[in-house]
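Student: Could we take a close look at one part of this protein together? I would like to go step by step.

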Amino acid sequence: MFVAIGLVMIATWVGFPRKKQTITAILSETGYFEVVPPSTFGGPGTINTIEYLSSGRLELHPTCDVDPALLTGKIQRSPTVDRDLKQSLERNLDVSAQIRDKLSAVAGMQQVDSIRLKLENANILLISDEALIATRNALLKAECEDAVTLNISSGGVVCQTRSVLEADVVYEIKYHNKVSMEERAKLTSEIAAKLDLDAHQGSDDKVSGSQLFFGIRLSPNPIVLKTAAGEIKPCTRR
């Protein structure tokens with residue numbers, strides 16, 4: 001299975017030369033949506049209401065709680081095997097525009113010149129279609145079914161995650177020259193808290209997190225319930 005995934009990813013990179021050096025474009029070329037900011041939510045098998053953003057990124061809204069024991073033994077892990085993808089992800093990419101939306105509430109953001117992202121130790125986490133069905137059948141009852149019904153009836157799209165790209169995430173923050181060391185340390189700490197990441201000990205310009213999901217691929221078929229009214233929308237961008 002992983003050999004097939006690798007071949008598909010290699011074919012994608014050979015057939016479609018990269019035009020833009022943005023994380024959104026890099027992920028899109030391999031069939032993944034960018035998750036901003038990276039997090040541990042929405043892993044393989046989970047049920048989420050999704051929101052497609054005009055920027056090409058994706059926001060996930062957890063719909064049902066999942067007992068980790070339900071997914072034990074069902075999620076497979078493999079290092080990303082495509083060298084070009086790995087090299088692209090490990091470059092420093094400017095994500096200033098994308099991340100500023102999430103940091104708009106942080107006072108003093110005008111003192112930040114740029115924010116760059118580096119991804120290390122990337123892996124693919126995925127789940128088989130059989131396990132997706134088994135997980136969905138186990139979850140869709142009681143309050144979970146009510147939550148799915150509510151979201152679909154309200155016009156939402158409810159989908160299961162098929163695979164994610166996981167990596168160690170490092171944001172490098174460049175401040176304007178006149179910003180003092182004390183101000184940098186304070187701002188870095190606030191940015192880390194807002195992104196639910198950790199400030200690097202002994203550093204005033206880096207925040208990071210380990211084994212976070214930054215790219216997501218959805219099962220194409222949405223969750224459909226007879227109890228839910230409303231238009232059936234696919235788990236793919238229109």
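Predicted model: local features only at pLDDT ≥ 70, side-chain atom pairs only at ≥ 80, totals over all residues.

Student: Is Thr-24 buried or exposed, and why?

Tutor: Thr-24 has a relative accessibility of 13%, and buried means under 20%, so Thr-24 counts as buried. You will find Thr-24 in helix α2, which covers residues 23-29. Leaving aside residues up to four places away in sequence, Thr-24 touches Glu-34, Ser-55, Gly-56, Arg-57 and Gln-98. With Glu-34 there is also a polar contact, side chain to side chain, at 2.4 Å.

Now let's turn to the strands. Strand β1 (residues 33-39) pairs with strand β9 (residues 206-218) in the antiparallel sense, over three bridges. Here Ser-39 stands opposite Phe-213 of β9. Strand β9 also pairs with strand β7 (residues 157-175), again antiparallel, over ten bridges. Look for Val-164, whose bridge partner in β9 is Ile-216. Strand β8 (residues 198-199) runs antiparallel to β9 too, joined to β9 by two bridges. In that pairing, Asp-198 has Ser-208 of β9 as its bridge partner.

Next come the disulfides. A disulfide is a covalent bond between the sulfur atoms of two cysteines. Searching the whole structure turns up two of them. Cys-64 and Cys-144 form a disulfide, with their sulfur atoms 2.0 Å apart. This pair links distant parts of the chain, 80 residues apart: Cys-64 is in the loop between β3 (57-62) and α3 (68-71), while Cys-144 is in helix α7 (residues 142-153). The torsion about their S-S bond is about 85 degrees, so the disulfide of Cys-64 and Cys-144 is right-handed. Cys-64 counts as buried because its relative accessibility is 8%, and Cys-144 counts as buried at 10%.

Cys-159 and Cys-235 are joined by a disulfide as well, with an S to S distance of 1.9 Å. Cys-159 lies in strand β7 and Cys-235 in the segment after β9, so this pair ties together parts that are 76 residues apart in sequence. The torsion about the S-S bond of Cys-159 and Cys-235 is about -100 degrees, so this disulfide is left-handed. Both Cys-159 and Cys-235 are buried. If you count the bonded cysteines along the chain, the disulfides follow the pattern 1-2, 3-4.

Technical notes: Residues numbered from 1 in each chain as written. Heavy atoms only, no water. Helix = DSSP H or I, 4+ residues; strand = E, 2+ residues; numbered from the N terminus. Buried < 20%, exposed > 50% of the residue type's maximum accessible area, 1.4 Å probe, protein only. Polar contact = N/O pair within 3.5 Å; in protein donor to acceptor, adjacent residues only side chain to side chain. Contact = heavy atoms within 4.5 Å. Pairing = 2+ DSSP bridges. Disulfide = S-S within 2.5 Å.
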